[in-house]
Amino acid sequence: MAYAGQTYMEFNDASFDHILNSDGVRTLCAQKANAALAVAKARAPISTGAYRDGLAVETISHAHRTTYMVVGHDPKTMLVESRTGNLARALKAVG
């Protein structure tokens, strides 16, 4: 059994960058984000059409990868989310 300080690992960062920025990984992440968006819109409260219409997927580039986020642009998004947890449940549904 290895103890603290007995094992050393060096990761090849360029290899991880290549994998995380590959077309396959980007496509898979975008598909999951779009599936979560579809679930969130389908389950959005009926009375909040502006909330539902304001939901979208945004692409964000980071130093080592690209992420896709489902976000709401309606001013009342935080209020609706605090009461319903719609986005969290949509993400769990496509998990």
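This is a predicted model: local features need pLDDT of at least 70, side-chain atom pairs count only at pLDDT 80 or more; totals for chains, interfaces and linings use all residues.
**Exercise 1. Glutamate 58**

Solution. 
1. The relative accessible area of glutamate 58 is 30%; buried needs under 20% and exposed over 50%, so glutamate 58 is partly exposed.
2. Glutamine 6 lies 52 residues from glutamate 58 along the chain, and their C-alpha atoms are separated by 43 Å.

**Exercise 2. The pairing of S1 and S2**

Determine how many bridges join S1 to S2, and whether the strands run parallel or antiparallel.

Solution. 
1. Strand S1 covers 55-61 and strand S2 covers 66-72.
2. Seven bridges join the two strands, and their course is antiparallel.
3. One of the pairings sets threonine 59 against tyrosine 68, its bridge partner in S2.
4. Serine 61 has threonine 66 of S2 opposite.

**Exercise 3. Valine 71**

Decide whether valine 71 is buried or exposed, and list what valine 71 is in contact with beyond its neighbours within four places in sequence.

Solution. 
1. Valine 71 sits in strand S2.
2. Its relative accessible area of 15% is under the 20% limit, so valine 71 is buried.
3. Leaving out neighbours within four places in sequence, valine 71 is in contact with Gly54, Leu55, Ala56 and Glu58.
4. Threonine 84 is 13 residues from valine 71 in sequence, and the C-alpha to C-alpha separation is 15 Å.

**Exercise 4. Helix H2**

Compare the span that helix H2 should have with the distance between its end C-alpha atoms, then say which elements its buried residues pack against.

Solution. 
1. Helix H2 takes in residues 23-43, which is 21 residues.
2. The expected span uses one less than the number of residues, and at 1.5 Å a residue H2 should span 30 Å.
3. The end C-alpha atoms of H2 are 30 Å apart, so the two values agree.
4. Buried positions in H2 are Ala30, Ala33, Ala36, Leu37, Val39 and Ala40.
5. On spacing, an α-helix has 3.6 residues a turn, so residues three or four places apart point the same way.
6. The buried residues of H2 pack against strands S1 and S2 and against helix H5 (86-94).

**Exercise 5. The largest nonpolar core**

Identify which residues of the largest nonpolar core touch the most other members, and which element gives the most to this core.

Solution. 
1. The core has 13 residues, of which Ala40, Tyr51, Leu55, Val70 and Leu87 touch the most other members.
2. Two or more residues come from each of H2 and H5.
3. H2 is the element that gives the most, with five residues.
4. With neighbours within four places in sequence left aside, leucine 87 is in contact with Ala40, Tyr51, Leu55, Val70 and Glu81.

**Exercise 6. Arginine 89**

State in which helix arginine 89 lies, and what arginine 89 is in contact with apart from its neighbours within four places in sequence.

Solution. 
1. Arginine 89 is part of helix H5.
2. At a relative accessible area of 41%, arginine 89 is partly exposed.
3. Apart from neighbours within four places in sequence, Arg43 and Thr84 are in contact with arginine 89.
4. Leucine 20 is 69 residues away in sequence and 26 Å away in space, C-alpha to C-alpha.

**Exercise 7. The aromatic pair**

Classify the one aromatic pair of the structure.

Solution. 
1. The structure holds one such pair.
2. Its rings belong to phenylalanine 11 and phenylalanine 16, with centres 5.8 Å apart.
3. The planes stand at 65°, and over 60 degrees counts as edge-to-face, so the pair is edge-to-face.
4. Phenylalanine 11 is exposed at a relative accessible area of 52%, while phenylalanine 16 is partly exposed at 42%.

**Exercise 8. The salt bridge**

Name which side chains meet in a salt bridge.

Solution. 
1. The count of salt bridges is one.
2. The side chains are those of arginine 52 and aspartate 53, at 3.8 Å from N to O, where the limit is within 4 Å.
3. Arginine 52 is partly exposed at 29% relative accessibility, whereas aspartate 53 is exposed at 58%.

Terms used
Residues are numbered from 1 along each chain as its sequence is written. Side-chain values use heavy atoms; hydrogens and water are left out. Helices (H or I, at least four residues) and strands (E, at least two) are DSSP runs, numbered from the N terminus. Buried means under 20% relative accessible area, exposed over 50%, partly exposed in between (1.4 Å probe, protein chains only). Contact means heavy atoms within 4.5 Å. Rings of Phe, Tyr and Trp (its six-membered ring) pair if their centres lie within 6.5 Å; planes under 30 degrees apart count as stacked, over 60 as edge-to-face and the rest as tilted. Two strands pair if DSSP finds at least two bridges between them. A nonpolar core is a set of buried Ala, Val, Leu, Ile, Met, Phe, Trp, Tyr and Cys residues joined through side-chain atoms within 4.5 Å.
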